[in-house]
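Hello,

Please read them with the coordinates open.

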Amino acid sequence: MHIKINLSNPGLPPEVMPDAMIILYRTYQILIFCPLIIVSTIVTAVITVAGSAMGAGKWWGYYPEVLWSRIFCWLAFVKVTVSGHENIDKDTSYVFVANHQGAYDIFSLFGYLGHNFRWMMKESLRKIPFVGWACKASGQIFVDNSSVSATRHTMQEAEKQLSGGMSLVVFPEGARTWDGKMRKFKKGAYLLAVEFGLPVVPVTIDGAFDVLPRFRFLPRPGHIRLTIHKPIHPASDGSHDLNALMEESRAAIASALPQQ
């Protein structure tokens with residue numbers, strides 16, 4: 001049986017490729033994709049650190065990363081489409097909450113969400129060469145729950161960032177899924193929304209698990225769909241019901257996923 005292959009179609013996984021095409025694709029990843037990714041990551045990190053050091057972290061901590069993330073997608077033949085941009089305003093600060101399917105969640109959100117934001121990320125990521133340095137310089141928020149004072153410091157850092165249209169993106173599952181299904185949500189992101197009276201915007205990521213799940217090293221071509229849902233606004237008194245907020249946002253995210 002003859003199978004016609006077109007790498008311009010990012011929806012074609014390697015398991016339906018002929019052996020020769022798989023070899024060609026893996027050779028491309030090792031000789032071209034990986035070196036270009038490493039170089040672009042180092043260059044982006046250096047630019048981010050330098051730009052942030054000059055006092056323009058809000059700009060340099062976002063826009064170079066948009067291009068960097070799109071390079072990751074382009075080089076891996078990953079198509080990203082977004083629906084729901086009309087639900088958010090660029091001058092409003094939000095807490096975006098998204099499901100966590102795989103590593104390409106980061107690149108699809110950074111590259112295509114279309115709203116300046118900072119990540120809430122694990123403290124351990126600070127130690128990654130170049131990436132950790134750039135994240136620290138640009139004001140990404142590292143979560144440290146090792147003590148009460150450390151948690152308080154995390155909240156203070158978040159409060160400093162969440163102003164003037166700057167938003168926060170959190171994966172409330174805390175880690176990537178192992179099987180493509182959503183894990184239980186944690187309260188951290190929602191406590192911030194409650195504390196600061198910010199709208200919560202659920203974002204569904206669909207397709208990133210097929211591109212690069214946590215148990216694989218190299219991505220494969222695919223199509224990632226982002227769905228930006230309508231914001232969940234606090235009550236008129238500026239408060240949220242924490243449990244209701246978690247349930248409503250999780251239901252919104254699940255509504256744009258294939259039945260699990």
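Leaving aside its neighbours within four places in sequence, which residues is Ile224 in contact with (heavy atoms within 4.5 Å)? They are Val78, Lys79, Val80, Thr81, Tyr104, Ser108, Ile205, Asp206, Gly207, Ala208 and Val211.

The model is predicted: local features need pLDDT of at least 70, side-chain atom pairs count only at pLDDT 80 or more, and totals for chains, interfaces and linings use all residues. Residues are numbered from 1 along each chain as its sequence is written, and side-chain values use heavy atoms, with hydrogens and water left out.

Ile224 lies in strand β7, residues 222-228 (strands, E, at least two residues, and helices, H or I, at least four, are DSSP runs numbered from the N terminus). Its relative accessible area is 0%, so it is buried (under 20%; exposed is over 50%, partly exposed in between; 1.4 Å probe, protein chains only). Phe209 is 15 residues away along the chain, and its C-alpha atom is 9.0 Å from that of Ile224.

Two of those contacts, Tyr104 and Ser108, are among the buried residues of α4. This helix spans residues 104-112, and eight of its nine residues are buried. Gly114 follows α4 and has a positive phi, near 80°.

Gln29 sits in helix α1, residues 19-53. Gln29 is buried, at a relative accessible area of 1%. Its contacts, leaving aside neighbours within four places in sequence, are Cys34, Pro35, Leu218 and Pro219.

Regards

Definitions and conventions. Contact means heavy atoms within 4.5 Å.
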